[in-house]
Amino acid sequence: MSRKYKVLGLLGDGIASEIITEGLKVLKAAEGMYGFGLEVLGPYPVGAKYWVDHDLKRGWPEELTKEMFYEADAIFKGPTGLPDLVGKLPGYYTPINMRTELDLYANIRPCRLRPGVKSVLAGRKAGDIDFIVLRENTEHMYVNIGGMMRRGGETELAIDNYVQTKKGCERIIRYGFELARSGEYKGHPGAPLDMKRRLTCSCKWGLTKGDDLFKETYDRIAPENPDVERDATWIDSWSYYAIMRPSFYDIVVMPNQYGDIMSDMSGALQGSLGLAGSINAGDTRCFAEVTHGSAPDIAGRGISNPISMVLSMGMMLNWLGLKRGDDRLRAAWRGIDTAVDSVLGGGTVRTPDLGGSDNTKAIGDAIAKAVGKKE
Ligand code: NAD
């Protein structure tokens, strides 16, 4: 019998435990259906609430060690942070630190309008929108090289540094071409408009040096990929075009902070942030993490949409399947993706963010049941 894959789980704040419970339920169904095994470590409580509950001394339990992050085959994490504690979370594992520490340079955030989901844009139907925001995940405005100047007890000056490196630009842009070529994590390869494989580069070249480097790198690498159509749009224009002609886009690669913002906008384009799955991927490690935050406005009511976490965990399986050459994991991802479509398309269960009145558990149950059915 093949070994079980070790998956480290981290809970987070707000709705994290609700959506992770349902995600794990779906993973269990997929294990049974596709014949692979997972050993789930935890999920361990981490984040702002744990930190506050422990007198602001520890944000994670003693038994959760740094080595565990390196020993795991993959990791999943719920959203962390509460509005009053923004920017104050302790520890190496907090979202931004962990992405850098584990060198998870590619944040893959698919945006697909799925069956049964009403578009916020007039006249768009399922499949008309199917692109990926590919966000560079370790550089740009979030490198945390900066500081504050305090005088007489007042903060008078704050400096952030915007960093782009040749290595950082190259590897994310190459990854973008690979994604366009493979069509991984999308409904179909190519853009819905014309089925062309296309890599759009979006940033603010001409205005910041870092973005000049990003765009120059794209221009240099693009000719090596003649099978993928070139496209470049300034990031401010892209925020317009994404809404006006979303079907044109296939893979859109952008520096870190732009990707952070644009992927939340993409959450709206797919009908709800509650559908926005995502993984942070590197060459040897990956952690599944939804696009959205801890949703404190609905936490504890059992009405959050768990599909974002279900899809993130499914994408994590696919990443692992690709890295370990295990087709069972790849098939499980396709099975989960299809099950989500069938539940949404069926239209009988849906959470309030999609106009329904069902609870988080009902959606998890329905997807787990659909995963367990033969196609
Ligand atoms: P949010 O993403 O938590 O919520 C924005 C809106 O989307 C809210 O109306 C919320 O109810 C809704 N929403 C989000 N997920 C949903 C789901 N699964 N189902 C249904 N509705 C959903 O953004 P926010 O309120 O600005 O942030 C809350 C906290 O989350 C902040 O402390 C922030 O720092 C943190 N945060 C963490 C991460 C992370 O851990 N990666 C990312 C973003 C924000």
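Because the model is predicted, local features require a pLDDT of at least 70 and side-chain atom pairs a pLDDT of 80 or more, whereas totals for chains, interfaces and linings use all residues. Residues are numbered from 1 along each chain as its sequence is written, and side-chain values use heavy atoms, with hydrogens and water left out.

The ligand is surrounded by 24 residues, of which the closest are Thr80, Gly293, Ala295, Asp297 and Asn305; a residue is counted here if one of its heavy atoms lies within 4 Å of the ligand. By class, this shell comprises 10 nonpolar, nine polar and five charged residues (Ala, Val, Leu, Ile, Met, Phe, Trp, Tyr, Cys and Pro count as nonpolar, Asp, Glu, Lys and Arg as charged, and the others, Gly among them, as polar). An oxygen atom of the ligand lies 2.8 Å from a backbone N or O atom of Thr80, and a polar backbone atom of Ser294 is 3.0 Å from an oxygen atom of the ligand. From Asp297, a polar side-chain atom lies 2.8 Å from a ligand oxygen atom. The ligand taken alone exposes 820 Å², and 71% of that is buried by the protein (Shrake-Rupley method, 1.4 Å probe).

One cavity of 30 Å³ or more is present in the structure, a cavity being a set of points, on a 1 Å grid over the protein atoms alone, where a 1.4 Å probe fits but cannot get out, with lining residues having an atom within 4 Å of a point. The volume of the largest cavity is about 80 Å³, taken as the space filled by probe spheres set on the points, which are joined across faces, edges and corners. Its lining includes Pro110, Arg112, Tyr185, Trp333 and Asp337, and divides into six nonpolar, two polar and three charged residues. At least two lining residues each are supplied by strand S4 (106-112), helix H9 (307-324) and helix H10 (327-346), where helices (H or I, at least four residues) and strands (E, at least two) are DSSP runs numbered from the N terminus.

Across the whole structure, 32 salt bridges are found (a side-chain nitrogen of Lys or Arg within 4 Å of a carboxyl oxygen of Asp or Glu). One of them joins the side chains of Lys49 and Asp53 at 2.6 Å, N to O; these residues are separated by about one helical turn because they stand four residues apart in helix H2 (residues 48-53).

Most residues other than glycine have a negative phi, and most peptide bonds are trans. Gly42 and Pro43, however, are joined by a cis peptide bond with omega of about 5°, and Pro43 lies in strand S2 (residues 38-44). Asp55, in the loop between H2 and helix H3 (66-71), has a positive phi near 55°.

How values were computed. A polar contact is a pair of N or O atoms within 3.5 Å; within protein, one must be able to donate a hydrogen and the other to accept it, and residues adjacent in sequence count only if both atoms are side-chain atoms. On a 1 Å grid over the protein atoms alone, a cavity is a set of points where a 1.4 Å probe fits but cannot get out, and a pocket is an open set with protein on both sides within 12 Å along at least five of seven lines; lining residues have an atom within 4 Å of a point.
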